[in-house]
Amino acid sequence: MKVSRRDLLIGSAGVTAGIIFTPVPWKLLGDVSIWTQNFSWIPQLPRGPVEVKQSACTLCANGCGVRVRMAAGCPVGVAGVSGHPVSKGTLCPLTFAAHQLNWHPRRLREVRHRGRPASWSDAQAAFAKACGEGQVAIFDAQPERAASSVFAAFIQKHNGCYRPVLGPESQALAPYASWSGVPVNALGYDLENTRTIVSFGAPLLDGWGTPGRFTRLWSDRAAGASDPQLRLIQMESSFSRTAALAWRRVAVREGSDAALAAGVARVLLEEGLVAAQAPMPVLPLAEAAAQTGLSVEEIRSLVRTMVEKRPVLAIAAEESPSVAALNVLLGAVGTPGGIVAKKNHVPARVPAEAPKTSPRAVLIDASVPWEFDPQTDAEIFRFAAWDGGGGKADWLLPAPGFLEYLTDVPAPPTSGVDTYAIAVNLAASPPEIKSAAQFLQKIDSSMPEVDQLIRAHCEEIFHSHQGAVYGEQPLPVSTIESAQKIEEQLRKGAVWVGNPSRPGNLRCVLKDWPAERTLPRPTNWAAAWPVPVLPPIATKLYQESNLREAPAGRQA
Amino acid sequence: MSDLLLIDRRWIARGAARSSTLRFALWLAPWIFLLLLGIYAAGLCLYYGLNQTNMDNRFAFGMWIFLDLAIIAMGAGAFFTGFLVYILKQKDLKPVLNSAVVVGLTCYSGAVAVLMVDVGQPLRAWFTFWYPNTHSMLTEVTFCISCYLLVLILEYIPVVLRNRQLRKVPSFLVFEHQFHKLVPVLAGVGTFLSFFHQGSLGGLYGVLRGRPFAYRAGFAIWPSTFFLFLLSAIAVGPSFLMLVTATAEKVTGRQLVQPGVYRKLGFISGVLLAVYVAAKAVDTLVWLNITSPSVGFGPRDFYSYWPLSSTFLFAAIVPLGLLPAILLIAPVTARKRGWLLCGATLACCGVLLNRFVFTIQTLALPTLAFDEFLSYIPSWQEVATFGAVIAYGVIVYSLSYRYLPLFEEGKGAGQHVSLG
Amino acid sequence: MSARYGMVIDLDRCTGCGACMVACAAENNVPPAPPSATPRTGLTPMLVHKVSNGLEGSAQREVFIPVTCMQCERETPCVGVCPQQAVEVDKATGIVMQIPQRCLGCRYCMTACPYHARYFNWWDPKWPEGMEKTLNPGVSTRMRGVVEKCNLCHARLHGAMEKAAAAGKKEIDPTDYVPACVEACPTGAIVFGNLADRNDPASRAADSPDAFRLLARLGTEPKIHYKSRQAWVRALAERGTSRSSEAKHV
Amino acid sequence: MRRTILVFAFGFVVALIAGWVAFPRALYSRHAQPLNFFHKTHGEKSGLASCDSCHTFGNNGEFSGIPRSEVCVGCHADKLGSSKAEAILVDTYIKAGQEPPWLVYSQQPANVWFSHAVHTRRAGLNCVDCHGSYGESDQTRLYEKNRISGYSRDIWGHSISRLRRAPHDGMKMNDCESCHRRRHVEVGCLGCHQ
């Protein structure tokens, strides 16, 4: 029989009718919708056992405690450790996404020599050669660590010099160090006991020191109160976050801090508002007023409000001898609520002397901010976990990233007491990754191992019988039976906190009022962040909201 | 005319005079280009996502929604004429009925097509039917519009089947004849459905408690905008139909309907417009003096931003509301075709403005104390996509006019000669 | 259990550091912004606004206002409008829930929300290669073309529920359920808790004379409260009443 | 006229056959598990009577799912017997410290949060209530994957029509809902979605 066009039409009509009574159209409709709910090009969630670990953040020197959520052996969340003695359960905004940094596109995963891929053995050979030929300088932004001791041991064996790189907070403490002989790392601020803080542009509420410490203090004792327990007086030209939230804001001219300090000192001395004896600044009050852009009367009334509630503490944004001198005048050095020596016996583990000759090679530790420039024509061995771009290092050596290596965490620069913590390598680092200390051990096997040094320091703590270890609950060291126990605790994320320092173990005497000098102020909010890149979701802060300026030179 | 010039003669109704195939093709060409461009733009939006548009979290609804609301209002002529002819037995409007159906069909199908591009996940749009939220005005809109679109297609079928070639198929002829008995029923259903979705399109905005500029008190579950949108839609539907027919006459150079039909459409449009303007004025007063002050918003929160100032409100009511109403009703102007069409144009503009105010100004205005007044410019993809809808409408209407008996030309053939 | 979870945000304590925003994004697998994103196309379930009192010199004041989903209790604007039940107010917790997998992306809810607390996924979510290993396993990623918002870190509630169930308890331990932004706030400006419980610190804070809610007169009973001792800040609650300051900082 | 009906019916039947028989086969792709596993043997011979002797809970209630190979090592440090599966397990996975890439039949998508702890410890359900008697199976069946949605066939269930199904056939949202309805347990969307 012959199939006509009509048959085809009717047949297909039958098929269409039939399909309606099969699962085909309905199941397809459903499955396609499910497909849109699980697009294959959208990342799958990690599956695997979830656990929570405690450690310390090592991205900068401020040693905040972090609670890390791990899934399938990889950090998937970072949070503060509530009640942490150093960071008070708080972190800086960026650390909440720090676990993303290890996968940042700018992550260094291979040795590079002048931009070209190279091997570790090449780098070691080159460095060993340099050591043989001349002096080496090692730059380290987080001194007092076990790794720092490795550096020290190395430069003591092979002639060289160790150069700590000070952050703005430490620089602000430098004058007291030079006047008292106590090293900078042993100095700190006793914020908890002060009543009035006079900040010369220090970003106290925007990432100064250990972020949690002052912000918590401020929110508990000052926030929003008309007459707060803790008075924050901010001297600043720009309307910064801190200025916006301070109890009083004094708008002074850019870079006139020294003049203002001198003016204040003059008023204090003339009106006999202070007991301490100190030299009168040479700068006349009218001149100081002119420089700061305030009237003489404004300065006078400012000074009176300043000393209403004592103790008073002046904090500079960076190195400023005049502000330091002001503290001496205010009697805020070596007293409660002032500048204190956090260590009663200062081991001064690492001699930081200037280079005798210009070095043949320079090793820059990963802790040093990317922007740091050693100002040398020597061969530069730069350790870094992330490539900040434009670095003029000869050797770019891939260092372990966030939570990828074992290190100890000494007391933060601004801390008023001595502390010690350990950050273990929670996450597996990619292959081809070495820390500076491991690098030096490869070159000279007689160098001490980091974990040995950490053990040694735990022994030290154990024998000192001082302070307490803050784990689940604080344990006085005297009640802990062995150094191993202490180390175990610290490796689990606990912190050792030493006894508060004896007042009077820090003395500064001024012969004459220090010379003027003005330094540029760190302008960018993330300038203090030593990592050259930002977690990708930091775009929330400066691209998807108008909350902050985009940080210069740092890519998310 | 020789067959060379009129290749598609076989398809054209006997006695209907049509321009040569070439001229017709030339007329279609630009519209087809516009259509293809729009399809490409829509493709971009579907493939890369809506980041191709200039909409954002604050302007979540943009030009598309505005124009969808507008053309759906214009399309109201379809159901309303059907209502007048079959329910109210206004037989003298029958000549424009088929044309009205085509206009409605293009408006609605075009709007639905754009909506499918506008939603982020078109492949899941059917969830609305499977998991409907009966409290949502949008559910009401979705159901009614899709059902009414079906009705329009059914109403269009008999028109198509009256094509010269298709009539030759006996079963089609039978079907068409039988089906015709159903058309009044369809008109009734269509009226019911349109009544609801035209209204709920207004309800869409009237229920926005969080947007005091749009929020309106109302009756039962329906805010006042429900009734205002319905009223404005049926008021402007006939006007738009007049404009389309007039344009068709201009383009073809033939008289397609009797002048009386215009006057009747105009009168109906005008009366309804007058009622609408009155209602709108009352609603505005209630809203500005009672509804919005009660939630802490005043006229200054709505009208203190250039350019969307109170002049917009005035324009919507007087020059684009009252004036056209008068032009369409007053015998003096209604007798003159020019004034009539001018009135119809103003009426359409008025509704256009009203829909613009509700869709765009509502979103542009700040709600929080620390908000700002926002602006938004559609991207070329948005414009092109909508251009395609216009082109689609023109093409479908042109084809229908050429091959289907949209107007009862057979009867009026004599006049063509006399009018030249 | 029928809790009513909410927050009280002390604006005097907020330093605008943005930790809450970053912590929120990390917890909820919010992708980084594509280069062309703007404050108006971004995904910021928690968004901090910077508001000035518009005055000059020493009188100048600034306040930072974290805005997230207000979890409206009554007449919830976004719930009624969703055509396919992708949004609901949970009976047991009072949390306004948004289900991206149900959403068709019509964005009607976004026009309905007076707080602009709902966000549309204009792009497919993308992370740098390998970074998907750092995603929170408890929160599914959203696809392009759907709306998302703050679900009060619902994954953490799941965790607390599972923990309670494992211990054979019916009620969760409140300390197990703390949203990421609350946990992250360095000044403890955000108090989170069950507003239905009179003894809960949050509900007590909400009763303080300094407490207020944004656009409370809309009558949607938002469960996110604010608090400030400064009168001009409290005046920001209602648009109508704050026009004097609003005029300056618009 | 009769011819018309016949032709129509023919097309109709063709469509029915295609839709009910060919389509389900075409929709799912079949995958073998890495090795044959016999629940039955483990239940009877090795005296691992209860499920939770291998499928364990963490102390916060997190469910282990398919046990990791360190659990197997307990007994399978060396080959027990000479079966092929045993050889694969010990040589390819345990010795190499690899996890067998099991295909999980009841794998829910990423947007679903299902807590075994809540359902077993609090609601007191038994494993078999949802998983059926798979615990007594003496062979490892093929894993069927939906080519479009990527879901395991067990989610939709093996009856394509979902009519007259075995009690444990299917783990769709409807199945969760119906059980919840039966037990009068009301949860919001995010009670089970994440």
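Q: How many residues of chain C are in contact with chain A?
A: This is a predicted model, where local features need pLDDT of at least 70, side-chain atom pairs count only at pLDDT 80 or more, and totals for chains, interfaces and linings use all residues. Residues are numbered from 1 along each chain as written, with chains lettered from A and ligands numbered from 1 in written order. Contact here means C-beta atoms, placed from the backbone, within 7 Å. Chain A puts in 55 residues, and chain C's count is 52.

Q: Which element gives the most to the side of chain C that touches chain A?
A: Helices (H or I, at least four residues) and strands (E, at least two) are DSSP runs numbered from the N terminus. α1 (19-27), β2 (47-52) and α5 (180-184) of chain C each supply at least two residues there. With 7 residues, the top giver is α1(C).

Q: What separates the centres of domain 1 and domain 3 of chain A?
A: An automatic or database assignment sets the bounds: domain 1 is 5-37, domain 2 is 112-167 + 349-497, and domain 3 is 191-337. Taken over C-alpha atoms, the centres of domains 1 and 3 of chain A are separated by 80 Å.

Technical notes:
Contact = placed C-beta atoms within 7 Å.
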